[in-house]
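Have the structure open as you read.

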Amino acid sequence: MSEHHWGWLVAIYLFLGGMGAGSFIVAALVELSGERYKHKYCPTTMVGAGVSGPLILLGTVLLIFDLGAGLREPWRILNMFTNPQSVMTWGIWILSLFIPIAFLYGILEIMHVYPGILAGARKRLHFLPETLPYRNIKRIVCSVGIALALGTAIYTGVLLSVVRAVPLWASAILPALFLVSAISTGMGLCIDLAATLAIPDVHRRFKNLPLIHMVLIGLEMGLLALLLVTALNQGGEAARSAKLILTGDGSIAFWVLVIGFGMLYPFMVHVYAFARHSHGYVSGILSGVGIIIAGLFVRYIIVAAAIPVVV
Amino acid sequence: MEQELEGQVADTDGPLPEGDKRTGLSRRTFLKSGLGGVLMVAVGSKWIPFSQAMEQVETDYVMIIDLEKCTGCGACELACNQRNDLPEGKSFIHRVSKGDDPDCWCLPVQCQHCQDAPCEEVCPASATYHHPSGVVLVNEKTCVGCKYCAVACPYEARIYDEDTGVVNKCWLCLDYVLGGGQPACVQACVKGARIFGRRDGLEIAEILASGRTEVLHPEFGTKPGVVRYIFPGS
């Protein structure tokens, strides 16, 4: 596939931004619903809170590496806050607010799980309190953070969908697809992967989780199909982009990695998990890996299949 | 907005030259009539004086490219490359071949200096802006090189410069133009396919009034401001 102006770096950034936001949403919902406190140890909130900040920061660093003059003269990056008309400016603002919140949530979660950290710090810094009202603080951090996480996930789609010069992208379906994919990759990472690794029978405890995730994967497939079918019907460059994905250079990655391994397989795993109230250890991990790979490749394929309008 | 302006123009200044209603009236003529400050038109959600609205609609300069005269020799492309010290093979002008053999013709494309420029809208660093003359410029000191403008430009008029890390484009050789000269591509066109001048200049106004010129892809909704074409067979 020919990369137009943006390529892998931007695709990875969109993916990490989505997965980071998704992980935050999943962890924060488990926290806010009180589900976290029903277990002695909750790997989902631990991983979700712990990785969302670093993932988004890594994505942002990659985005900076894709810059030209902004990389050589980093103070120029401040200019990127200045155009309220630009979706990229919205994104920079959202990320600047979300990254600290996500890191704060991660630190609070780690301190909550390991009280020894605060106790240890207190030996040196005597002014520190003995303990903190973690649950109350996290409730505020999670509520604010969920809004910013939704903003992050949606903006990555809007960034592309406002580009009328690329008909494949110029669709309201794209932000919806990226949002659903963000939450799905977040669940893939925090539940299918992390929770399965830590507690093999995790789905016996969260009975409705496979159902929720199954619906999300189904929705993702539906939105992806809708995006491509609309593009095919639209004709012109949109149809050429869609054909590039369906039958052209991107088809192997699309059918094997995105549809097969990343959507159909996890979908079936979750149907099975819902019916049996359990994940197989191996199938849980594979499904998590598949969902994450699909999250990355669906973005790369969409970025790389950009065929601009013919002048 | 455009329709409202058309309405205003038609109401206040009598019949317009056919085929080019929007630009048929020179801003200066209109201002001389003294109505510019009195009439108010809606732009977006704001009411602004008509004279200001006209400023947003019209550019001072027009470049007409006569595709019946253009042979596709590429002299403009080369002149642009040399004038702007661009790396070999790069230019702010690119040629697109149109039509099938033997009736093929060449379409030279550069920045159209759109009034509703998508590159200006998406630029996070506010590095792309409109010069008061209506020409779209890039501030090389503030551009971060994110390439969002290159992605958003439907005319593919943006060139990423590896050396400076800045995305650049045709700036209409504004230094020449403001000094009373002509852009390098116009000077280089030996076939006389490029006609450049002030919008209210005699030659330009006459061709515009003839209604033979068209903007490239009006359906993009970008309202090209400077470049207009005379298409083969028009």
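A polar contact here is a pair of N or O atoms within 3.5 Å; within protein, one must be able to donate a hydrogen and the other to accept it, and residues adjacent in sequence count only if both atoms are side-chain atoms. By that rule, 25 residue pairs (both at pLDDT 80 or more) are in polar contact across the interface of chain B and chain A. Keep in mind that this is a predicted model, where local features need pLDDT of at least 70, side-chain atom pairs count only at pLDDT 80 or more, and totals for chains, interfaces and linings use all residues. Residues are numbered from 1 along each chain as its sequence is written, and side-chain values use heavy atoms, leaving out hydrogens and water.

**The interface**
- Chain B puts 36 residues in contact (heavy atoms within 4.5 Å) with 32 residues of chain A.
- About 2,600 Å² is buried between the two chains, meaning accessible area (1.4 Å probe) lost on putting them together, summed over both.
- In chain B, the residues losing the most area to chain A are B:Val144, B:Tyr148 and B:Val151, together 26% of what that side buries.

- Most residues other than glycine have a negative phi.

Definitions and conventions
Chains lettered and ligands numbered in written order.
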